[in-house]
Amino acid sequence: AEERARLVDGMTAAVLSVAAATVLAPGLAPVGRPKPVHSPADGRTLVGEVVEADPEDAARAVGSAACGFEVWSRCPVESRAAALERAADLIEANRDRLMALLALEAGKTLPDGIAEIREAVDFCRYYAAEARMRFGEGCLMPGPTGEENRYRLRGRGVFVCISPWNFPLAIFVGQVAAALVAGNAVVAKPAEQTPLIAREAVTLLHRAGVPEDALLFMPGDGRVGAALTADPRIAGVAFTGSTETAWAINASLAAKRGPIVPLIAETGGINAMLVDATALPEQVCDDVVTSAFRSAGQRCSALRLLYLQDDIADGLLEMIEGAAAELTLGDPRDQATDIGPVIDADARDGILAHIEAMAAADRLRFAGTVPGGDLAGGFWVAPHIVTLDRPSDLTREVFGPVLHVVRYRAKELDAMLEAIAATGYGLTLGVHSRIDATVKQVVDRLSVGNVYVNRNTIGAVVGTQPFGGSGLSGTGPKAGGPAYLQRFALEQVVSINTAASGGNASLLAHS
Ligand code: UN1
């Protein structure tokens with residue numbers, strides 16, 4: 001217990017006095033009143049302060065970034081990639097401080113914190129390697145003698161990156177790193193709930209060699225994001241968050257500007273897992289608990305709707321409830337903690353309202369317990385299991401540790417697949433079956449971005465399991481995959497009459 005207390009105190013001391021200020025232009029001191037940021041675990045530990053941006057300052061940030069773009073886009077791809085690799089090294093070197101911030105500001109458990117830092121580092125290194133292969137002088141296309149045709153990728157201009165609070169380091173860094181290495185300048189707007197971690201990432205990227213005017217920082221609420229995406233000078237938007245916000249950004253891009261710019265959106269899901277009677281019960285139990293309850297269900301990849309074949313449903317549900325009852329909710333800095341708080345009071349109230357509605361309809365089957373004592377003022381939602389008659393009873397994504405269970409008979413499999421397709425979402429899907437034909441039938445029927453067979457449905461690995469969905473779940477391309485950088489880039493083909501030119505390939509060298 002003493003060791004535990006020392007660890008907790010040490011982590012708190014490591015980050016106190018952190019400040020996140022708007023960066024609208026290099027060297028410009030922020031104005032505005034600092035706002036305190038408190039830990040979601042107890043609602044009162046002061047993590048640091050943020051000076052938020054004024055939406056009216058969006059134009060200035062985009063203007064600074066437009067100047068930054070002129071220089072940054074002309075840097076050889078090798079120096080942009082090298083800057084990302086230095087940023088990866090710096091993130092690793094600052095691991096303890098970042099872990100502490102992830103626990104304190106975002107309520108992340110230690111295993112989730114470690115995984116998130118790993119993912120941020122992987123994004124930097126992966127996109128650096130991808131950029132070296134795909135950008136630069138470009139590739140020669142086949143063509144007649146006397147002519148050189150070169151296809152190349154370049155930055156587009158100023159990208160706006162809007163990131164979520166549930167991966168405040170990994171997704172923030174992933175979006176920004178991709179946009180930067182492709183040759184764009186970036187105005188980054190972190191989630192309102194997690195500006196301090198994002199500010200640390202910006203500081204490390206600047207220290208790694210990204211010029212200050214190639215990466216501007218505008219913490220604040222949705223009005224800041226709306227002002228940025230309405231600016232006619234921006235060249236694209238990368239967004240991860242709710243489907244509703246992606247919809248609004250899309251509408252704003254369409255309405256407010258003539259030229260079409262890309263929107264790279266990664267949004268929500270009503271993610272399902274199908275379990276048939278041939279599945280291995282222990283494996284299913286472990287994977288369901290991990291997918292539905294770990295990270296307090298605050299992942300867009302998390303499991304929401306579990307389909308159990310009725311022959312095995314009772315036994316499995318008992319096992320799952322037993323395992324859920326073993327989970328410890330508590331201080332995210334404590335090694336014994338499995339699940340931390342949800343992000344804020346609004347999140348908690350929304351999830352609890354859903355649970356209450358389910359309880360009123362007599363659907364509640366299991367409820368875990370929340371911590372009290374020092375943590376009573378935090379934002380806690382215990383794991384819950386509810387049963388539904390029909391999958392269509394769940395019409396929206398509930399972003400918390402609530403598992404909805406539907407039973408099906410073997411002959412209803414097709415109808416269940418139709419029901420999953422009918423949600424319109426397509427992010428993650430789990431299948432537990434030892435019949436190959438069933439797995440194939442499920443995988444082929446559904447247009448889901450990431451399908452997991454006989455395993456859990458979270459924690460996609462950069463470069464190995466590119467991540468992202470279709471339909472209401474996002475536009476693609478998948479983050480951490482080979483198509484991602486291209487969407488941040490402008491394609492250009494340069495056709496040269498070599499006989500009438502001074503040289504050939506050297507014309508485009510160093511671009
Ligand atoms: C998100 O939750 O916003 O696979 C997306 C996973 C994560 C999900 C990130 N990469 O669990």
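**A close look around the site**

Reply: Glu-266 counts as buried because 27 C-beta neighbours lie inside 10 Å of it. (A residue is buried if 20 or more other C-beta atoms, placed from the backbone, lie within 10 Å of its own, exposed if 12 or fewer, and partly exposed in between.) A word on the model itself: it is predicted, so local features need pLDDT of at least 70 and side-chain atom pairs count only at pLDDT 80 or more, while totals for chains, interfaces and linings use all residues. Residues are numbered from 1 along each chain as its sequence is written.

In an unreviewed UniProt entry, Glu-266 and Cys-300 carry the feature "active site". The two cluster in space, with a largest C-alpha distance of 9.0 Å, although they are spread over 35 residues of sequence. UniProt positions follow the numbering used here, feature names are shortened, and such annotations may be inferred rather than shown by experiment.

Where do the two sit? Glu-266 belongs to strand S10, residues 263-266, whereas Cys-300 is in the loop between helix H10 (281-293) and strand S12 (305-309). Helices (H or I, at least four residues) and strands (E, at least two) are DSSP runs, numbered from the N terminus. Cys-300 is buried too, because it has 28 C-beta neighbours inside 10 Å. Leaving out residues up to four places away in sequence, Glu-266 touches Thr-240, Gly-468, Gly-474 and Ala-479, and Cys-300 touches Gly-268, Gly-269 and Leu-427. Touching here is a contact: C-beta atoms, placed from the backbone, within 7 Å.

Now follow S10 into its sheet. Five strands build an open, parallel sheet in the order S8-S7-S6-S9-S10. S10 is an edge strand, as is S8 (215-217), so called because each pairs on one side only. Two strands pair if DSSP finds at least two bridges between them. From one strand to the next, the twist averages 15 degrees; such angles run from 0 to 180 degrees between N-to-C directions, with axes fitted to C-alpha atoms, for helices over the stretch in contact.

Another strand of this sheet is S6 (residues 158-162). Because five of its five residues are buried, S6 is largely enclosed by the rest of the structure. Val-158, Val-160 and Ile-162 point one way, and Phe-159 and Cys-161 the other. In a regular strand, side chains alternate between the two faces of the sheet. S6 has five parallel bridges with strand S7 (residues 185-189), where Phe-159 stands opposite Val-186.

H6 lies across S6, S7, S8 and S9, at about 165 degrees to S7. Helix H6 (residues 170-181) also packs with helix H3 (residues 77-93), at an angle of about 160 degrees and with axes 9 Å apart. That angle makes H3 roughly antiparallel to H6; angles under 35 degrees count as roughly parallel, over 145 as roughly antiparallel, 65 to 115 as roughly perpendicular and the rest as oblique. Arg-80, Ala-81 and Leu-84 of H3 meet Ala-177, Leu-180 and Val-181 of H6 in this contact.

Note on methods:
Contact = placed C-beta atoms within 7 Å.
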